[in-house]
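I opened this notebook to record what I looked up, item by item, and where I found it. The entries follow the order in which I went through the model.

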Amino acid sequence: MKEQVIPYKIYLEESEMPKQWYNVRADMTNKPAPLLNPETLQPLTKAELSQIFCDELVEQELDDTTAYIDIPKEIHDFYKMYRPSPLVRAYCLEEKLQTPAKIYYKFEGNNTSGSHKLNSAIAQAYYAKKQGLKGVTTETGAGQWGTALSMACAYLNLDCKVFMVKNSYELKPFRREVMRTYGANVTASPSETTKVGRDMLERFPGTGGSLGCAISEAVEVATQTEGYRYVLGSVLNQVMLHQSIIGLEAKAAADKYGIKFDTVIGCAGGGSNLGGLIAPFMGEKLRGEADYDIVAVEPASCPSFTRGKFAYDFCDTGMICPLAKMYTLGSSFMPSSHHAGGLRFHGMSPTLSQLYDDGFMRAKSYVQSEIFEAAVEFAKVEGILPAPESSHAIKAAIDEALRCRETGEEKNILFGLTGTGYFDLMGYEQYNNGTITDYVPTDEELQKGFDRLPKVNR
């Protein structure tokens, strides 16, 4: 009997696109710990959260029992501009590696934002518009989230204020200009425009900033400006929900050809891409219907899973946001200036943190030179220049495929290609020039962040 021929790219028909998001928390026995009010240390109420987030997003944030939530027609129609995205068989990479493994990737870079972030940006902007708000504030690391949100806000005629991590603001000016082209106001963080920013500049002169600091500035502006709410591109339960469309599409495309994945790999910063990619596969694992080796891959310079503590911590450096129980390096941790700017958050999604702590997934980390080496190898044979964030997953997939070459295992490997790297050419330039650095924090440096973790007896 002939082996079935799998196309290079597997597309769903428009009619086959998911009509609902999947909420993995509904199938978790150990639910993520609740967000806490930093003053009372009690679980945040809907009323308290509604001072920061849009009302409907608060409902999604707190819902850990509803497995499937309908995607509003307006959002679904917007998705049709760039979705469904392809599930790609990496035939050329397999040939280059001479591996018996079959490698697939879910490509999320086929929109102007260049990444998966648009999946949640349009949802959050839609709910803000529906609530009658004037605009939203946010932070962005490498710029993918800020770009996506600026696109969504332009589409819905909402004002958009973005605080961009200073290191990325300077290293990635073209992504900043895409945001401005779509009408966003972009400020380098930490800035002189907020109290939190001024405090950070005083405490850390010359700092390149962090996502935690940019979050603090965005929240400060949102809570002090009438008609505005804060939106976040990762970490939160609501974001994991919206991004589940990635995994739902990937699984539906694989099911069309009877493909069963053995290993599912995603890059991990705050958790948006990873959570979205693994959602339906993790659901099957939680329900005991199937088993998968699920791998989170993070930068060695910001290793919240592999070297962090599972504890309650502030989501922001300014310590004004709610407390979340997550794998964290401490909200005061200032990561080094590495090129995977979207993976610079000090903590990990509470949902993913609980799943990791319960042993449903594993994690590994790589230094910059390793992931750029993998990115170049991938680009040469697959024809896509990947974002540095995505390249962490590529590196792990290559390593797994090479291991299969040694053992003879014929595994099916899926990884998330979160976006393109055409705004990340300074990193590629440094790699090609041999000047890229591989900074890894010492135990002593990490301990400083752990020492400042809030004392929470829960």
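Predicted model: local features only at pLDDT ≥ 70, side-chain atom pairs only at ≥ 80, totals over all residues.

Residues are numbered from 1 along each chain as its sequence is written, and side-chain values use heavy atoms, with hydrogens and water left out.

**Entry 1: helix 14**

I looked up how helix 14 (residues 350-357) sits in the model, and found that seven of its eight residues are buried, so the helix is largely enclosed by the rest of the structure. The buried ones are P350, T351, L352, S353, Q354, L355 and Y356. For what covers them I used contact, meaning heavy atoms within 4.5 Å. The cover includes helix 11 (237-256), helix 12 (272-286) and helix 13 (304-307), together with strand 12 (309-314), strand 13 (323-328) and strand 14.

I then checked both ends of helix 14. Just after the helix, G359 takes a positive phi of about 85°.

I followed an open sheet of seven strands, which has the order 1-4-5-15-10-11-14 and mixed pairing; two strands pair if DSSP finds at least two bridges between them. Strand 1 (9-10) and strand 14 (362-366) stand at the edges with a single partner strand each, so one side of each has no neighbour in the sheet.

Which strands does strand 15 run parallel to? Six bridges join it to strand 5 in the parallel sense, and K106 stands opposite G416. Strand 10 also runs parallel to strand 15, over three bridges, with T263 opposite I413. Strand 10 (residues 263-267) pairs in parallel with strand 11 (residues 293-299) as well, over five bridges, and there C267 faces V297.

Six of the six residues of strand 15 are buried, so I wrote this strand down as largely enclosed by the rest of the structure. In a regular strand the side chains alternate between the two faces of the sheet. In strand 15, N412, L414 and G416 point one way, and I413, F415 and L417 point the other way.

**Entry 2: helix 15 against helix 17**

Two packed helices are described by the angle between their axes and the distance between the axes. I read that the axes of helix 15 (residues 368-382) and helix 17 (residues 425-433) come within 10 Å and cross at roughly 100°. Axes here are lines fitted to C-alpha atoms, for helices over the stretch in contact, and angles run from 0 to 180 degrees between N-to-C directions. Helix 15 and helix 17 are therefore roughly perpendicular to each other, given that angles under 35 degrees count as roughly parallel, over 145 as roughly antiparallel, 65 to 115 as roughly perpendicular and the rest as oblique. From helix 15, S369, F372, E373, A375 and V376 meet G427, Y428 and Y431 of helix 17.

**Entry 3: T194**

I found T194 in the loop between strand 8 and helix 9. Is T194 buried or exposed? T194 is buried, with a relative accessible area of 0%. A polar atom of its side chain lies 2.9 Å from the backbone nitrogen of G197. Leaving aside neighbours within four places in sequence, T194 is in contact with F163, E217, E220 and V221.

**Entry 4: backbone exceptions**

Most residues other than glycine have a negative phi, and most peptide bonds are trans. I noted the peptide bond from R83 to P84 as cis, with omega near 0°, and P84 lies in the loop between helix 3 (73-79) and strand 4 (87-89). Another cis peptide bond joins S189 and P190, where omega is about 5°.

L41, although not a glycine, has a positive phi of about 60°, and at 28% relative accessibility it counts as partly exposed. N157 also has a positive phi of about 60°, but at 64% relative accessibility N157 counts as exposed.

Conventions. Helix = DSSP H or I, 4+ residues; strand = E, 2+ residues; numbered from the N terminus. Buried < 20%, exposed > 50% of the residue type's maximum accessible area, 1.4 Å probe, protein only. Polar contact = N/O pair within 3.5 Å; in protein donor to acceptor, adjacent residues only side chain to side chain.
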